[in-house]
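Subject: Handing over the structure

Hi,

Here is the structure I promised to pass on to you. Have a look at it first, and then read on for what turned up when I went through it.

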Amino acid sequence: MYSVQTQVLTVDPYHPEPALIARAAEVLRAGELVSFPTETVYGLGANALDPAAVDRIFEVKQRPSYDPVIVHIASLAQLAEVARDVPALAYALAEEFWPGPLTLVLKKHPAVAPNVSTGLDTVAVRMPNHRIPLALVETSGLPVAAPSANLFTRPSPTSARHVLEDLNGRVDILLDGGACPIGLESTVLDLTAATPTILRPGGLATEVLQARLTALESAERYVTMEGEQPLAAPGMLAKHYSPKAKLLLFTGGGAEALPRLREIASALAARGLKVGLMTTLEDAPAFDNLPVELAPLGSEHNLPEIAHNLFDRIRHLDSLKVDVILVRALPRTGLGLAIWDRLLRAAELRVLDLDGEVDVDG
Ligand code: TXA
Ligand code: MG
C-alpha cells in the first residue's frame, strides 16, 4: 500500500498562496498525490497524463478498477488537450456553466492516461469553481485526474478533516482550504450518447440543464452490489456513500409522518440500538426528549444548506457509532434530486413508506 507522511497545508481558498500551490504542483509533477478542495467535494488528485500516478489513486482509495475518474482543467483551451472531437454543444455548455459543478463526458484524447477512463474511449472533464484547484492546474501545467478524496463506499469528504479520516498517510499533500461550499459532487452529463444523458445528478440542478437543452435523458442509476457484471454506466453502484451505520430513508406519511417516525425511533432505541436522526430544523422539535442523536441538516426551505451539510452529518453520526440512521426524504426538485440520490445510495436502496407497514429489519 502507498504509504507516506501526509503534509497538511492550510491555503487561502480565495487567494491561494503561490508558494504553497507551487509545492503541491511539484508533488503532482513528481507523480505523487495531492488532495484539494473544490466547490463540490475534496478531490484526490494525480497527473492525468501519468498512468502510474493515476494507479495510485485507485490503490489509495481502494476504488474498483472499472470506475473511471474525472479530469480537472483550468481553461477552455485545455479541453482540447484531454478530449477530442469536442462538439459545439460542449463548448456552449462550458461557456455557460464552467467553472462550476458540471462534468462533461466526451471522447478521450489519447494523451490522457488510459486508466483515468478505465480503458473506455471517453473521458469526464470539468473546470471546478474554486481558486485552489484552478491554481494547481495552472501552476503544474497539468490536467489533474481526481475522484472524491474518500475511501471507496465512504461518504465524499467536504472538509480537510474528512479527508484525513479516510486518507491520512496515503496522500502526500492535503491542501486545507476549508469546507466545500456545495457539499455534493458535480452533475455528470454524457455528451457522447445520442441524446445528452445525466449519469449522476449533482451540484448543477437537472432543471437548469433541462431548460438549456432541447433533449435530455437520465441514466438508470441504481445497480446493486450483487454480481460483478459490467455496469450499465460506470460508477453506479447503489452501495456508494454508505455510512457504517444502517441508514433508513422514509417517504410518505402525510401529517402522521413525524409522530410515526418518532415512534419508530423510540422503538429502535428501546431495543438498545443507538439511533441517529438527520432532520430539518423544522422537523427537529418532533423528536424532543428522545434518547437519540439528532443531526440537524438545515432548513427545509434551504436545500443548498442541506446539501452542504449532508455528508458531514452522516460522518458525524458514524463517528458517534450509531447503529442506525433515520432520515425523512425531502422534495426532489433542484438540489433535492442529488440529495435524494445520495440518501438512496447511503440507504442501499432501503426506502420505507410511512403510509404502509414499516419493517425496519427488512
Ligand atoms: O464534484 C465532483 O465531481 C468531484 C470533485 C472532486 O470534482 N469528483 C467526483 O469524482 O465526484 P468521483 O470519481 O467520485 O465520481 C466521478 C463520477 C463517477 O460516477 C464516474 O463513474 C463518472 O464520474 N465518470 C468518470 N469518467 C467517466 C466516463 N468516462 N464515462 C462515464 N462516467 C464517468
Ligand atoms: Mg466519489
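Let me begin with the ligand: β7 makes the biggest contribution to the shell around ligand 1, giving four residues. Please keep in mind throughout that this is a predicted model. β4 (70-72) and β11 (197-200), like β7, each supply at least two residues of that shell. In total there are 25 residues around ligand 1, and those that come nearest are Thr40, Arg63, His72, Ser186 and Arg200. Sorted by class, the shell holds 13 nonpolar, seven polar and five charged residues.

Several side chains place polar atoms beside the ligand's oxygens. For Thr40, a polar side-chain atom is 2.6 Å from an oxygen atom of ligand 1. Asp67 has a side-chain N or O atom 2.9 Å from an oxygen atom of ligand 1, and for Arg200 there is likewise a side-chain N or O atom at 2.9 Å from an oxygen atom of the ligand. On its own, ligand 1 would expose 680 Å², and the protein buries 97% of that.

Next, the strands around β13. This strand, residues 246-251, is mostly covered, with five of its six residues buried. Which strands does β13 pair with, and in what direction do they run? One partner is β16 (residues 324-328), joined to β13 by five bridges and running parallel to it. Within that pairing, Leu247 is opposite Ile325 of β16. Another partner is β17 (residues 351-353), also parallel, with three bridges to β13. There, Thr251 faces Asp353 of β17.

Helix α2, residues 51-61, deserves a look as well. Where the helix starts, a side-chain oxygen of Asp50 comes to within 3.0 Å of the backbone nitrogen of Ala52. Just past the other end, Gln62 adopts a positive phi of about 55 degrees.

α6 brings us to His162, which sits in that helix. Is His162 buried or exposed? His162 counts as buried, because its relative accessibility of 1% falls under the 20% cut-off. Apart from neighbours within four places in sequence, His162 is in contact with Pro157, Asp312 and Arg315.

Ser156, in the loop between β8 and α6, is another buried residue, with a relative accessible area of 1%. The side chain of Ser156 makes a polar contact of 2.5 Å with the side chain of Glu185.

For contrast, take Ala88 in helix α4. At 63% relative accessibility, Ala88 counts as exposed. In sequence, Ala88 and Asp355 are 267 residues apart, and their C-alpha atoms are 48 Å apart in space.

Finally, some backbone geometry to check on your screen. Most residues other than glycine have a negative phi, and most peptide bonds are trans. Against that background, here are the places I would point you to:

- The peptide bond from Trp98 to Pro99 is cis, its omega being near -5 degrees. Pro99 belongs to the loop between α4 (88-97) and β6 (102-108).
- Thr118 is not a glycine, yet its phi is positive at about 45 degrees. Thr118 lies in the loop between β6 and β7 (122-126) and is partly exposed, with a relative accessible area of 22%.
- Asn289, also a residue other than glycine, has a positive phi near 60 degrees. Its loop is the one between β14 (275-280) and β15 (293-298). Asn289 is exposed, because its relative accessible area of 78% is over the 50% cut-off.

Best wishes, and happy browsing!

Methods: Residues numbered from 1 in each chain as written. Chains lettered and ligands numbered in written order. Predicted model: local features only at pLDDT ≥ 70, side-chain atom pairs only at ≥ 80, totals over all residues. Heavy atoms only, no water. Buried < 20%, exposed > 50% of the residue type's maximum accessible area, 1.4 Å probe, protein only. Near = heavy atom within 4 Å. Polar contact = N/O pair within 3.5 Å; in protein donor to acceptor, adjacent residues only side chain to side chain. Areas by Shrake-Rupley, 256 points an atom, 1.4 Å probe, with all protein chains shown as cover. Nonpolar A, V, L, I, M, F, W, Y, C, P; charged D, E, K, R; others polar. Pairing = 2+ DSSP bridges. Contact = heavy atoms within 4.5 Å.
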